[in-house]
Amino acid sequence: MKTHKNILAKKLTNSSFKEKYNEEKRLIEISLELQHTREKLGLTQTEVAKKAKITQQQLSKIENGGNFNILTFIKVCKALNLDFDFINLNKKQVV
C-alpha cells in the first residue's frame, strides 16, 4: 500500500526534488514561527498588521505560508521585534 510517507521518501531520493522540498518546508516553518511569536506576545493579526503598516490580509497570507514580498516580511519581523539571520534563517528575539 502506498502511503504519503512512502511516496515522499522515494521522491526525496531525487536531489532536485529534495532541495525544493526543503526550501518550501523552511518557508512554512518561518511562517509558523511568526504566527507563534505573535500569539505568544498576545497580539492579534490586526494589531501586528497595524504596527507593521500592512493589511491584516497580508499578514494572514504570510502566516499561512503564501507568497509574500520580502519587504512585507521584514516589516512584520520588526513589528514583532524579531531579527532573522537570512543566511541561516534562524530566528532571534531582539531585546
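Arg38 counts as buried because its relative accessibility is 8%; buried means under 20% relative accessible area, exposed over 50%, and partly exposed in between (1.4 Å probe, protein chains only). This is a predicted model, in which local features need pLDDT of at least 70 and side-chain atom pairs count only at pLDDT 80 or more, while totals for chains, interfaces and linings use all residues. Residues are numbered from 1 along each chain as its sequence is written, and side-chain values use heavy atoms, with hydrogens and water left out.

The side chain of Arg38 meets that of Glu63 in a salt bridge, at 2.6 Å from N to O (a side-chain nitrogen of Lys or Arg within 4 Å of a carboxyl oxygen of Asp or Glu). This pair links distant parts of the chain, 25 residues apart: Glu63 lies in helix H4 (residues 56-63) and Arg38 in helix H2. Helices here are DSSP runs (H or I, at least four residues), numbered from the N terminus. Glu63 is buried too, given its 4% relative accessibility.

## The Arg26 network

Let's turn to another group. Salt bridges that share partners join Arg26, Glu29 and Glu33 into one network. Arg26 pairs with Glu29, with the closest N and O atoms 3.2 Å apart, and with Glu33 at 3.0 Å, N to O.

Why are Arg26 and Glu29 separated by about one helical turn? They are 3 residues apart in helix H2 (residues 15-40). Glu29 counts as partly exposed, at 32% relative accessibility. A search of the whole structure finds 5 salt bridges.

Notes: Helices (H or I, at least four residues) and strands (E, at least two) are DSSP runs, numbered from the N terminus.
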